[in-house]
Each structure stands twice: as structure tokens, then as C-alpha cells.
Amino acid sequence: MTESATSKLLNGDICHRTSNGKKASKNGFVKDHSLFEQPQKYRRPRDKNQNVPHNSSLYKKPFVESFEETPLWVAVLTYMGYGILTIFGYLRDFLRHWNIEKCHVARERDEQKDFVPLYQDFENFYTRNLYMRIRDNWNRPICSVPGAKVDLVERVTHDYNWTFEHTGKVVKDVINMGSYNYLGFAENTGACADAALEVTKMYGAGVGSTRCEMGNLDIHEEMEQLVARFLGVESAMAFGMGFATNSMNIPALMGKGCLILSDELNHTSLVLGARLSGSTIRVFKHNNMQSLEKLLRDAIVHGQPRTHRPWKKILIVVEGIYSMEGSIVRLPEVIALKKRYKAYLYLDEAHSIGALGPNGRGVVDYFGLDSKDVDIMMGTFTKSFGAAGGYIGGKKELIDYLRRHSHSAMYATSMSPPVAQQIITSMKIIMGEDGTTLGADRLRQLSQNTTYFRRRLHEMGFIIYGNDDSPVVPLMLYMPAKIGAFGREMLKRNIGTVVVGFPATPIIESRARFCVSAAHTREMLDTALEAISEVGDLLQLKYSRREQPLPSLGWMSEESLLQD
Amino acid sequence: MAGIEVRPSQRLPPCLLCKDCFLFLCVKKHRPMHRSSRTLHLRDLRARMNFKNLREYLAWLYYQYLLITGIYVLEPWEKSIFNSILFSAIAMVVYTSYVFVPIHVRLALEFFLGIFGGQPESTMALMT
């Protein structure tokens, strides 16, 4: 049986004939040899993401993602809602400007009015006039451990969200669908908490120095070796803050004359790191391999902008799970492209490490690929390990270079010892090295919870974005008033959710984002789902126009038979 | 409208408008989950909620109006301004249509009847 072209590519051979069979013609004119280009057929624009994987031999299991198109009447009404709120925003600004109404935002003093303005009013128009009105859905103070259930501090506002007062009461046992707690390690009892307590007694809580100077403890070394073993790479390095890992290390690796190809929906930390590095940045459409391939080919053929010299390095920056969409990166195709065009790959597994894959080793494990194919594996400890901080894993030379040249290593305080111990303990539990099956149980529970939750929400008729296996579930709300209403109605039913609007998402695609956790029991999920369905009926959120699977009801099947 | 029964965990009744299929030109095989009609959509979704009386239903409709126009987030005096402007605009539309639509309809009917009714009259006049 001959090897298919795609599996040859995975092994690094350069393929002269592509899967769609174009060859060089007789007069030597070279035709398009792209890997993933297919002739465009007209398809009904039901779904936004048309990228069915053309090379399905690269995928060992079905890759099912859906981003259902916004219904037209919903989009029109959403724009109308934003328009009305903008008009009222202008009215309120007018009243504030002419001092008819008390102004709560920062203003210059009267003596400074003729100078160059300090505060540009329009930049904060959205914050003042839309965000402030529904601000009680965010920054809710929590007064217990953010596990499956959490306690919230009750607040009231007497001037429409400009100031809050604490009533002194506590809202107890709110089901937490917003914390990134995928494996349930955010707990204050158990092996992790006990170990962290012991370590605090030994080392204290602070370190008092940067990693380069006096802040390199033996517990850090142990943790880094463990992380390297967990990921299957040669060496790893940990940093105190996940955001700083991206924003401080990309500038250390890339510079002028290099090219960064970054996904459209990458996180702010990656964007900031890319901009700080000074390299040229080109953006490809979200998870779209044709767009990425086109950019790669253009980059290699044309080189740098004016001089046409070859690029020093090309780095493809993608994330494992995109937290606002719930989509998983098409890693087999990205690796195939990377090998063919000789680029480097930076994979940010902030949400996917610990949450995907049969062994919890992230998106590489989920697709069954080799972790040596990814040049730089980055991730955070915040989401699945219940700690804080980030790591970078890769070849030994790379990590040694980063230890000397990373800004975060040289200037940022190193990780606190109890946090490092939490990482060590939780990682050992996930790997199964603590002697119990707790890790495997939690991984299984998370994937069962994810499947169940997504299936039920889909059946109810909501529009859910993302891959069927991702524990991040965005539920579309669209209209601005429904953002505030959803958050408040869910809290009334004792469920804490995170709602997101502009500017984190496109302006009409505001959503509520649920993070499924292994700590949620089936009863908790059922309670949450009932409440979501109730609120969905109350607010009319069930926009989905997909055909639902036929249930087995007697009168239903009779009717459909009669119609034939 | 009063006392609409809710069947929480069952699916919706099939397309009651589409049973005869003369409104929707159902050339395809009838699909029970016929969701392409807006009216049907509203009717089905409405059927899931349990309204004890007319007052509660009207309150829910007002709530939907607040959510869709985005007024829900505004302060009460802003809501009143918007409601009064909208109400006066609608009242003006209703008044104008009440006053002028019968006149326009009558004139249009006379015009069109004049065109079609005029032909036989003129030929009769020619013959006599």
C-alpha cells in the first residue's frame, strides 16, 4: 500500500505532487502546488467556518466544529439596539458636559480647559455609556475558594453602577460556571493544599528576588523537570505570570527581520509580545489553513518588504483552545505546513493543557502527535492546575537561551513556593504518580461533563460555538441588553456566569462563556442546565436554526408518517 | 392565551401552519422541525413558558420589547423619554392612516375602475 501524500508530509518529505494532483505542465510553467487549496464550490452559507479538513487522513478522530451563522433579524435588531444606546449615550454626554447632571468620570480642572486635552472623551464613550450600565455583572468579589461552588459578596448600587456598597451578606453556594477550573484543582482541602501548607512552613510565601539573582529555589528546579517530563520535551522553564510568559519571551526570541504569522483571534498577551518584539506581523484567518498557507508562500517567495531578502525566521503563533470561541487549533495541518515550509511553531496551550487529551497532556496528546514537532510549547498553570504562572518547553538549547535572555527571568520576581508546590502535586496527580487514580478519574469526568453539557445545550436550541470536545462553551447572546439581563437572571437562580461583550468579541457577537469543570457533578450540571433553559425561554435566546434530532414521541412519528 | 400549558422537556408540536402547506410552499418533504417561519418560531417559543394570566403575558411582552430595543439598561427617566417618543410617533402614524387611507383608497379604486370600465363605455358610444 503506497503512502499517501499527506503522511509523507508528516514525515518531513517534500512532496512534488500534491493531493489534488496538479503537476508542472510541459512548457515548464509551474502550477499551484499548494497543500490545502481546493477548487471553491458554492456552498450554502449556513455556517461561517467552511473549513472542513480536506486532508482528513491527518486526523485520527472526527474534528467537529460549528460556528452557526447569526440569524439576519437578530443582527439587524442588535445593531438597532446599539444605535439606540449610542443616541442615549450622546444625550447623557451632552448633559454631563453642560453640568446638568453630575459627572462621575475624570475631568480636567477649569484652569486646564484651554490646554491640550488630557482626557479624550470619545475614547471612553463605550465604557461610560454602555459598560457602566451593566457593570454589576463583572468584578464580583468572591469570598471563598473558586471551586465548583463559590460564595459571592452581595453588593448594591444606588447610583446605577457608578459606586457599589457591600450589604454585609454573602450569597452562598453559587454554582460556578465561570472559573477556569477544568480539573477541579481549585480546592482548599486535599493533597495539593496540604503539600502547599508544608512548603509554606518551610520556605515562607515570598521569594524576595528575581530568578536570575537569588530567586532560584530547589523547588523551582524540581517543578521544571517535572513539567518537562509531563510535556515530553527536553527541558522547560516556568515563570510567575502566564501573561508575562508570552509578552516577555516572544521579544527574546524574535526581532527585526523576522516574521510572525499569528492567528486572528490570538490572546492579547501573544499580540503584545509580537508587537514588542519588533518583527513584522501578518495575521491569518482564524483556524484557516488555506489562509496560513497563502501567507507562508507569499513570505517565502517575496521575502522582506522592500529588500526582498529572505526572512531570518518565520514563527507561526497559534493557541491550543481559543477561549472566546471554544475552537481547537488544527494542529496536524499546522505541523504539516510547518514542516513543508520550514517555519517554527509556537503553541500557546493556556486552556488546553490538562483539559484535552486522554492523558491530559494537551492538544498534542489529543491529536496523537509528537511533541517534538512543536518547537515552543507554552502553557499556563492557572487553568487546569489551580496555581498561577506559565511555562515554556522545548529543546534544551532553546530553554538555556531563554534562561539567560528572557526579560521575565531577569526582572520578574520568581514564583512563590506554595504555588510551585501546588503545580508539582497537581501534575503528579494528573500523571498518576501519586499512586491514586484521581487524575484519570478527573480527566474522564471532565470529558464526560463536556460532552453532556454541550449536547444538552445544543438540544435546547441555543447557538453554541466551538469544537465538540472543548470544555469552553460560548453561548451566543447577541443583543446588548441581553448581556446584562442574562448575567443578572443567572445570579438570581444562584449560578455565576461570565458574560462577554465588545471589545473582547466582535460588536454583535456578545456571548456568555461557560467553563465546564471536573468538579461539577451531574446534578450541578443539571441544575445549571435547567436554569439556563429557563433564562433562555425568558429572554428568547434559543436562536438556533439547526434541525434537531427527532425524539421518540408517539404522536410525532405518527404525524410525520401521515404527511408522507 | 391564558393558561398555556408548558411541556418542559418535550419537543415542540410540529408546524401547525404548515400542515396544509399552502402558506410555505412546502415542496420538500415535510420536516417536523420546521423552523423557517418567524411566526412559528415565536409561537413555539412562547408555548414553552407558563403564563398564569394575561397580565403576566403582557408584562413578558413588555420585557421583550425592553430587551430588543436595548432600553433595559437605561435609567427610568430615559426609558420614559424613549417610550413617549415612540408612542407619539406610532400615534401620529395611526391618526394619519385613519384620516387619509380611506380617501386614498377610494381615489385609487376610482382611477383603476375608470381605466378598465372606460373601454366598453367608449365603444358603446361609438356604435350609437
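In this predicted model, strands β7 (residues 314-319) and β10 (residues 344-348) of chain A pair in the parallel sense, with 5 bridges between them. Within this pairing, A:Val317 has A:Tyr346 of β10(A) as its bridge partner.

Two helices of chain A pack on the sheet. Helix α8 (residues 289-302) touches β5 (259-263), β6 and β7 of chain A, and helix α11 (residues 396-405) touches β4, β11 (376-380) and β12 (390-394) of chain A. The direction of α8 makes about 150 degrees with that of β6(A), while the direction of α11 makes about 30 degrees with that of β4(A).

The sheet is open, has 7 strands and shows mixed pairing. Strands β4 (235-239) and β6 (280-284) of chain A each have a single partner strand, so one side of each lacks a neighbour in the sheet.

A further open sheet in chain A has 3 strands with antiparallel pairing. Its edges are β14 (472-476) and β16 (498-500) of chain A. Strand β16(A) is joined to β17 (residues 511-515) of chain A by 3 bridges, and A:Val498 stands opposite A:Arg513 in β17(A).

Leaving aside neighbours within four places in sequence, A:Phe381 is in contact with residues including A:Val227, A:Tyr391, A:Met415 and A:Met427.

Terms used
Residues numbered from 1 in each chain as written. Chains lettered and ligands numbered in written order. Predicted model: local features only at pLDDT ≥ 70, side-chain atom pairs only at ≥ 80, totals over all residues. Heavy atoms only, no water. Pairing = 2+ DSSP bridges. Helix = DSSP H or I, 4+ residues; strand = E, 2+ residues; numbered from the N terminus. Contact = heavy atoms within 4.5 Å. Axes fitted to C-alpha atoms, helices over the stretch in contact; angles between N-to-C directions.
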